[in-house]
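Here is a friendly walk through one protein model, in questions and answers. Have a look at it first, and then we can go through it together.

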Amino acid sequence: MKSTEFTSAAAAGVETGKQRVTGSNLAEVIGELVAANRILFRQGVVDAYGHVSTRHPQMPHAFLIASGTAPALVSADHIVELDLDGHEIGGTPQSLYLERFIHAEIYRARPDVGAVVHSHSPSVLPFSVVPTAQLRPLCHMSGFLCSGVPVFEIREAAGDGTDLLISTPQLGRALAATLGPRSVVLMRGHGSTVVGSNLREAVFQAVYTEINARLQREALALGTPVFLTAEESEACVATVSASIDRAWNLWSDQI
Ligand code: MN
């Protein structure tokens, strides 16, 4: 299909709000999203739970995400199109992730975000429950953490007694507000959410958030770590961002 046909198909999808956009470009994005699901499992970021999404390539107010399936088992058939209210666009009704509002409300709040990873990755979670243990960049691969890593406290948004899940638009908006302009937000007693300008960057940053957390714990066991400065972080991000495809190509070869 030619690119002009994508445009007209996308326009038709926007107008009706029901029509699924088809075409090889969309198929490529779905293929990368399937790979992202499997990479995140292989790299120890997600397990049976957690999810990754990417903004729809032709409808900026929609995103692509798997239906309620363990990431390692995701195939193209599981990918659905959701609008920013968390509703499925067209297609047959699916079992959707309860926490799809994480993705929807971040896409709504952050036009610069092209992909979102939510996980319960095990090395990161302890930093969400110990207020004095702030996750900070100590490795040249994780300079993107330099803008700070806030912790979302769901009790401030919904009081005591929740199941800690972001299962409503209101909680999604509160999480997006805590994330602000940053790349990573921790969720107390639950996990974390990592964003990127595109799918590969979000996956890369989710993997290195987990690695940095593990390294930080190990460094803290030895003594007092020296963290990257803001200037070093900025320089590291500039260098590393040019080679994200190298990591993606390795990881996608292993799924
Ligand atoms: Mn979760």
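Q: What pLDDT does the chain average?
A: This is a predicted model, where local features need pLDDT of at least 70, side-chain atom pairs count only at pLDDT 80 or more, and totals for chains, interfaces and linings use all residues. Residues are numbered from 1 along each chain as its sequence is written, and side-chain values use heavy atoms, with hydrogens and water left out. pLDDT is the predictor's confidence in each residue, from 0 to 100. In this chain 91% of the residues score at least 70, and the average pLDDT is 91.

Q: Is Thr 69 buried or exposed?
A: Thr 69 sits in the loop between β2 (62-66) and β3 (79-83), and touches Val 74, His 78 and Tyr 97, not counting residues up to four places away in sequence (contact means heavy atoms within 4.5 Å). Buried means under 20% relative accessible area, exposed over 50%, partly exposed in between (1.4 Å probe, protein chains only). Because its relative accessibility is 15%, Thr 69 counts as buried.

Q: Which strands stand at the edges of the sheet?
A: Seven strands make an open sheet with mixed pairing, in the order β3-β2-β1-β4-β7-β6-β5. Strands here are DSSP runs (E, at least two residues), numbered from the N terminus, and two of them pair if DSSP finds at least two bridges between them. With a single partner strand each, so that one side is left without a neighbour in the sheet, the edge strands are β3 and β5 (151-152).

Q: In β7, which residue is the bridge partner of Met 187?
A: Strand β6 (residues 184-187) pairs with strand β7 (residues 191-196) in the antiparallel sense, over four bridges. The partner of Met 187 in β7 is Gly 191.
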